[in-house]
Every structure is written in structure tokens, then in C-alpha cells.
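Here are a few friendly notes to read with the model open beside you. Take the points one by one and find each residue as you go.

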Amino acid sequence: MDNFYLYLSDELKNEIELELNRLKEESNSKAVFLLDKNGQIISNSKNTDEYDKDSLGALIAGNVAATGGLAKLLGEKEFSILFHEGENEHIHINLIDKKFILVVIFDESTSLGLVRLRVKKTIANLLKLINKMKENNKSENLEDIFSDINEEDIEKLFKGEK
Amino acid sequence: MSFINYSTKEINCKIVYYGPGLCGKTTNLQYIYQKTDPKMRGKMISLATEVERTLFFDFMPLKLGTIKGFKLRFHLYTVPGQIFYDASRKLILKGADGVVFVADSQVDRMDANLDSFDNLRDNLQEHGYDLDTIPLVLQYNKRDLPNIVPVSELEKALNYRNVPSFEAVAIKGIGVFDTLKAIVKEIIFKLKK
């Protein structure tokens with residue numbers, strides 16, 4: 001299984017967070033998230049405590065995957081933008097580099113046009129950071145965490161589960 | 001693909017429950033959900049049809065404490081078992097770190113088990129994974145029903161890799177946590193290598 005891991009260092013996490021917060025402010029939106037294509041939340045802007053992030057990630061990833069399947073059926077490479085319009089809140093979803101998903105949640109205090117414009121700028125900046133993240137992945141420092149794990153450690157994880 | 005976040009000290013892994021229609025994949029997740037401390041798990045999402053058959057997937061996030069200072073978080077997914085939903089199954093399998101194959105022990109479901117197992121192999125291959133190497137655990141479910149295939153026969157048919165396998169009655173919770181524990185173990189030991 002190639003490319004089994006994805007690392008995120010402190011420094012990169014801060015830089016990504018900065019970008020997401022900037023997007024949130026400049027587009028006047030409610031919340032911004034960066035996910036990987038499997039729905040794991042990589043980073044998010046401020047004021048996201050009210051959201052159930054795990055559920056949000058899984059459903060958006062499912063959404064993007066299903067739309068990607070549709071694209072293939074039609075002979076398209078992908079549908080890079082998805083937009084869901086609700087009565088009060090809307091979700092703008094953008095695929096980045098085929099591996100990451102940028103999610104913006106906004107309401108009537110801004111417009112789709114402004115969100116789209118700001119998202120474009122953010123994606124250009126995020127792409128640079130994503131490339132840095134890929135570079136980091138090449139360094140093999142995982143050994144340190146897992147090298148001396150034994151069965152007992154794993155048994156301990158399940159104490160109190162049943 | 002595991003996601004390791006050094007700044008929040010988190011390791012995220014994806015486990016997929018695979019198997020033929022009505023074999024008990026969703027039941028496994030429901031039991032885990034019921035028996036896990038609410039602090040340890042998030043909401044369970046089921047995208048199901050009106051008659052409660054899985055349409056797209058079930059999803060449940062599970063926190064499992066820490067290992068070497070890293071918080072372990074698992075995302076559990078099921079696939080829809082019905083043959084019709086193969087496109088969806090393929091999508092959900094993407095990025096899986098480990099697979100639990102749930103087989104239905106009933107004699108008349110043996111063909112469905114074998115078809116689903118072949119389908120798992122094909123769909124893994126499409127994502128560049130290999131059934132021969134991916135962390136895998138087998139669960140022989142519905143052991144309480146009459147007319148079931150002996151475990152030795154299920155082993156012969158499915159367990160060519162000699163991976164951990166468990167007898168289960170998922171609806172009563174028998175074997176459910178043993179299966180989960182085993183796949184977690186397989187995934188962590190794979191990360192170790």
C-alpha cells in the first residue's frame with residue numbers, strides 16, 4: 001500500500017490555519033475546513049466548535065466521492081466545485097489537487113460570488129503548503145512512534161469498552 | 001491512508017466492514033455504538049433506504065485512548081452489501097487502512113460470501129491495494145442460526161491468508177469487540193512495519 005501516511009507538522013498546521021482564517025474573514029463566511037479526500041479534518045478556521053466535525057467530514061467526503069464517480073461516468077475528470085444551497089446556510093466545496101477538500105459554510109451575510117472569488121485565492125496559497133506537506137511525507141520518522149508497541153498496549157486501549 | 005497529525009498528536013485510521021447483503025455489517029457498528037462510552041465515540045451516521053438497507057454507508061468515529069502519546073482515532077465505515085451498489089462500495093473502500101470481512105454463516109449464503117470476497121479483491125485492486133497484504137480480519141456471523149456452515153469450511157473458503165477470524169452473533173454482541181480489537185491490532189502492527 002503506497003502512500004500509507006500523511007504527516008502534518010506544527011509549523012505547517014499553523015500556516016494552513018492562518019490561510020483558513022483569512023479566507024473566513026475575507027469572504028465573511030461562518031466556518032472553513034480543510035479535509036483530506038477520506039473526510040479526515042486536517043485543519044479548520046476559528047469558530048467551528050458548534051459543528052460535528054467527524055460527521056461533517058464523512059458526509060462531505062462521501063458527497064465528493066459520489067460526485068467524482070458521476071464525473072467519471074460522464075467522461076469528466078472530476079467536478080471540482082460542489083455547492084449546496086439551503087434556506088439559511090450554504091456549503092461551498094472545492095477539490096484541491098485531487099486529494100484535499102476545502103469547505104466553506106456561509107449564510108446570507110455574504111454572497112456566493114465573493115466566496116468563490118476568495119476561495120480561488122486561498123487555493124493558490126494552500127497548494128504551496130500542500131506541496132510542502134508532500135515533501136515532509138518523504139521523511140520516514142514514523143518508526144519512533146510504533147517501534148516498541150506490543151499486544152499489551154493494544155489490549156489497554158480496549159479496557160472499559162465492553 | 002492513515003493521517004498522522006503531529007501538532008495535535010493524533011493518528012486517524014479508516015476501517016471498512018465489507019461483506020454480502022444482510023450479513024450484519026451495520027449490526028456490528030450499532031453494537032459498538034451502543035456499548036461504547038459516549039465520550040469515546042461520535043455520532044453514528046446511517047445513509048439507509050426506507051427499509052433500513054444501507055444505501056451508501058454507515059459511519060462512526062471512535063476514539064481509542066493514546067498510544068505513545070498519540071491519540072488513536074478510528075473511523076468505522078460499512079459498505080452497502082447489495083450487488084447493485086458496487087459503485088458505492090468502491091468509493092468507500094478508498095483510503096481504507098484495514099478491512100473486516102463479515103461472512104454470513106448460513107448455508108444458503110455461502111455463494112454470496114464468496115462473490116463478495118471476490119468483489120472485495122477486485123475493488124481493492126482498483127485502488128492499488130492488495131487483498132493479500134491489506135490488514136484483514138474475518139468474522140463468521142450468525143452462528144446462532146440453524147443450517148450454518150461449519151467454521152472449518154468457512155476457514156477453508158475464505159481464510160487463505162490465515163488472518164484472525166472470529167465466530168460471531170453480532171445482534172447479541174458476541175464476537176463484535178474481538179473482531180474490532182483484532183483489526184485495530186492488525187492496522188497498528190502494519191504501521192509498525
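1. How many salt bridges are there over all chains? The count comes to 16. Please keep in mind that this is a predicted model, and then let us look at some of these pairs.

2. Start in chain A, where the side chains of A:Lys30 and A:Glu89 meet in a salt bridge at 2.5 Å, N to O. This pair links distant parts of the chain, 59 residues apart. A:Lys30 lies in the loop between helix H1 (10-27) and strand E2 (31-36) of chain A, while A:Glu89 sits in the loop between E4 and E5 of chain A. Both count as partly exposed: A:Lys30 has 25% relative accessibility, and A:Glu89 has 34%.

3. Now turn to chain B and find B:Glu126 and B:Lys90, whose side chains form a salt bridge of 3.4 Å, N to O. Here two helices are linked: B:Glu126 belongs to helix H3 (residues 110-126) of chain B and B:Lys90 to helix H2 (residues 86-93) of chain B, 36 residues apart. Is B:Glu126 buried or exposed? At 56% relative accessibility, B:Glu126 counts as exposed, whereas B:Lys90, with 23%, is partly exposed.

4. Another pair in chain B is B:Asp144 with B:Lys172, a salt bridge of 3.8 Å, N to O. Both residues are in loops, 28 residues apart: B:Asp144 between strand E7 (136-141) and helix H4 (151-158), and B:Lys172 between strand E8 (165-167) and helix H5 (176-192) of chain B. B:Asp144 is partly exposed at 39%, and B:Lys172 is exposed at 53%.

5. Which residues are linked in a network of salt bridges? Look for A:Glu151 and A:Glu155 together with B:Lys181 and B:Lys185.

6. Next, trace the open sheet of 5 strands in chain A, in the order E3-E2-E6-E5-E4 with antiparallel pairing. Its edge strands, E3 (41-44) and E4 (81-85), each pair on one side only. From one strand to the next, the twist averages 15°. Between E4(A) and strand E5 (residues 90-96) of chain A there are 5 bridges, and A:Phe83 stands opposite A:His92 in E5(A).

7. On the surface, a nonpolar patch is formed by A:Leu70, A:Leu73, A:Leu74 and A:Phe79, with about 440 Å² of accessible area together. A:Leu70 lies in helix H2 (residues 53-73) of chain A and is partly exposed at 47% relative accessibility.

8. Finally, check the cysteines. The structure holds 0 disulfides over all chains. B:Cys13 is buried at 1% relative accessible area, and B:Cys23 is buried at 0%.

Conventions
Residues are numbered from 1 along each chain as its sequence is written. Chains are lettered from A and ligands numbered from 1 in the order in which they are written. This is a predicted model: local features need pLDDT of at least 70, side-chain atom pairs count only at pLDDT 80 or more; totals for chains, interfaces and linings use all residues. Side-chain values use heavy atoms; hydrogens and water are left out. A disulfide is a pair of cysteine sulfur atoms within 2.5 Å. Buried means under 20% relative accessible area, exposed over 50%, partly exposed in between (1.4 Å probe, protein chains only). Patches are made of residues with over 30% relative accessible area and no salt bridge: like charges are joined within 9 Å, nonpolar side chains (Val, Leu, Ile, Met, Phe, Trp, Tyr) within 5 Å. Accessible areas come from the Shrake-Rupley method with a 1.4 Å probe; for residues, only the protein chains shown count as cover. A salt bridge is a side-chain nitrogen of Lys or Arg within 4 Å of a carboxyl oxygen of Asp or Glu. Helices (H or I, at least four residues) and strands (E, at least two) are DSSP runs, numbered from the N terminus. Two strands pair if DSSP finds at least two bridges between them. Axes are lines fitted to C-alpha atoms, for helices over the stretch in contact, and angles run from 0 to 180 degrees between N-to-C directions.
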